[in-house]
Amino acid sequence: MSIASVDVIVTSPGRNFVTLKITTSDGVVGWGDATLNGRELSVASYLSDHLASMLIGRDEDRIEDTWQYLYRGAYWRRGPVTMAAIAAVDMALWDIKAKKAGMPLYQLLGGASRDGVRVYAHASGTDFEALANAITGYRELGFTAVRVQTGVPGLGQIYGVSAAGPGVRYDYEPAKRSGDRPAEETWDTRQYLNHMPGVFSKIREEFGTDLRILHDGHHRMSPIEAARFAKDVEPYDLFWLEDATPGEDQTALRLIRQHSTTPLAIGEVFNTVYDYQTLITERLIDYVRSAVTHTGGITAMKKLLDFAAIYGIRSGIHGPTDISPVGMAAALHLDLAIHNFGIQEYMPHNEQTLEVFQTSFTFDRGFLHPGDQPGLGVELDEEAAGAFDYTKAYLPVNRLLDGTVHDW
Ligand code: GCO
Ligand code: MG
């Protein structure tokens, strides 16, 4: 038996997704997520122009060998485009293997280590009242953990903060369909550092100590600013502070660590285990934030998370809406199976997306389960997908008040 066809499906049910479909000579179909927000077509081309012909005729069961063939064989290793393409192939092959075994994927990864996967929701609001409404809304839905982002007085729309009022949806859409270039936002770290600790203090007063509170710094602070921030928010007992500093600089985390006990998470923009080498071996972080979709798939994520486990570091797999339901399913199977699970990000997809991707996840009082269908448990409806054409979209760009381009 072998791989008979490889197809790339680009669809845009409210936002863009790139999905790989691998079909075996026996007619078994596997799905992989290759979505790279704002740069989707590069991965689609990598898959259809470069990898598809290499895959035809290969034994679909040789997952590790195929991974190494694509990773080492390319010579040009790593990078988000390459690793998202490899991830899609890897997910599709695991989907096929688990379907052939007649088992949900988590069984092939060692079986369930827990009954369900604790998830966190995105609570945000332009001011405290809107934020508190969002937190209340998520608590009513059963969530036990929320990521908290809010507006900063004096700054306009900030990435990560929903402009929608209460009663609509509380989350935000990461990439704007805004024509030929990205939207631009304004940032000032000084105003942020002065404002945020008070917000956490009010949340603790209003919602008590049980709620798990997460916060995303979105790479905007310098190491010393992040150290001060992590220290200032210690009394509010954050579950984690994410992406405090730009991801390229692993040693920046040393400085934060030296000053504070606030748990640290990083890695959504990383794409291999090597991005974490210093962070893990020196225990500079508490949570690994990679997406299965951007880190070479299930094969690579399992190794990364096992490596982290040796150092007592846990998972916090990236799961915004730019990860498709296929990528989300891959995350949930890993979450259920590994021992060092921490928490899973969960930003529910919109209705149109869920018409295109039929999922079997279940949500119960703050916990997700990937379901027990053979494989990943997600099927793409190609007819439904065909109704949504690709629409160019960009993540925003950030500038300081004086116009300097800044990390966002
Ligand atoms: C998160 C994120 C995302 C990213 C987005 C970029 O923690 O979920 O920071 O919202 O910004 O995935 O495409
Ligand atoms: Mg983030």
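How many residues of the lining of the largest pocket are nonpolar, how many are polar and how many are charged?

Analyst: The model is a predicted one. In the lining of the largest pocket, 15 residues are nonpolar, nine are polar and 10 are charged. Together, 34 residues line this pocket. Those nearest its centre are Asn37, Glu268, Val269, Leu395 and Trp408. The space in the largest pocket amounts to about 850 Å³. As to how such spaces are found, rolling a probe the size of a water molecule over the atoms shows where empty space is left.

A pair of helices may be described next. Helix 1 spans residues 40-55 and helix 2 spans residues 63-73; their axes come within 12 Å and cross at roughly 140°. The two helices are therefore oblique to each other, and helix 1 passes helix 2 in a right-handed crossing. Helix 1 contributes Leu51, Met54 and Leu55 to the contact, while helix 2 contributes Thr66, Tyr69 and Leu70. By class, five residues of this contact are nonpolar, one is polar and none is charged.

Most residues other than glycine have a negative phi. Asp237, however, has a positive phi of about 55°; Asp237 lies in the loop between helix 7 (223-232) and strand 8 (240-242). Arg283 also has a positive phi, near 50°, and is found in the loop between helix 9 (277-281) and strand 10 (287-288).

Key: Residues are numbered from 1 along each chain as its sequence is written. Chains are lettered from A and ligands numbered from 1 in the order in which they are written. This is a predicted model: local features need pLDDT of at least 70, side-chain atom pairs count only at pLDDT 80 or more; totals for chains, interfaces and linings use all residues. Side-chain values use heavy atoms; hydrogens and water are left out. Axes are lines fitted to C-alpha atoms, for helices over the stretch in contact, and angles run from 0 to 180 degrees between N-to-C directions. Helices (H or I, at least four residues) and strands (E, at least two) are DSSP runs, numbered from the N terminus. Angles under 35 degrees count as roughly parallel, over 145 as roughly antiparallel, 65 to 115 as roughly perpendicular and the rest as oblique. A crossing is left-handed if the near helix is turned anticlockwise from the far one by less than a right angle, and right-handed if clockwise. Contact means heavy atoms within 4.5 Å. Ala, Val, Leu, Ile, Met, Phe, Trp, Tyr, Cys and Pro count as nonpolar, Asp, Glu, Lys and Arg as charged, and the others, Gly among them, as polar. On a 1 Å grid over the protein atoms alone, a cavity is a set of points where a 1.4 Å probe fits but cannot get out, and a pocket is an open set with protein on both sides within 12 Å along at least five of seven lines; lining residues have an atom within 4 Å of a point. Grid points are joined across faces, edges and corners, and a volume is the space filled by probe spheres set on the points.
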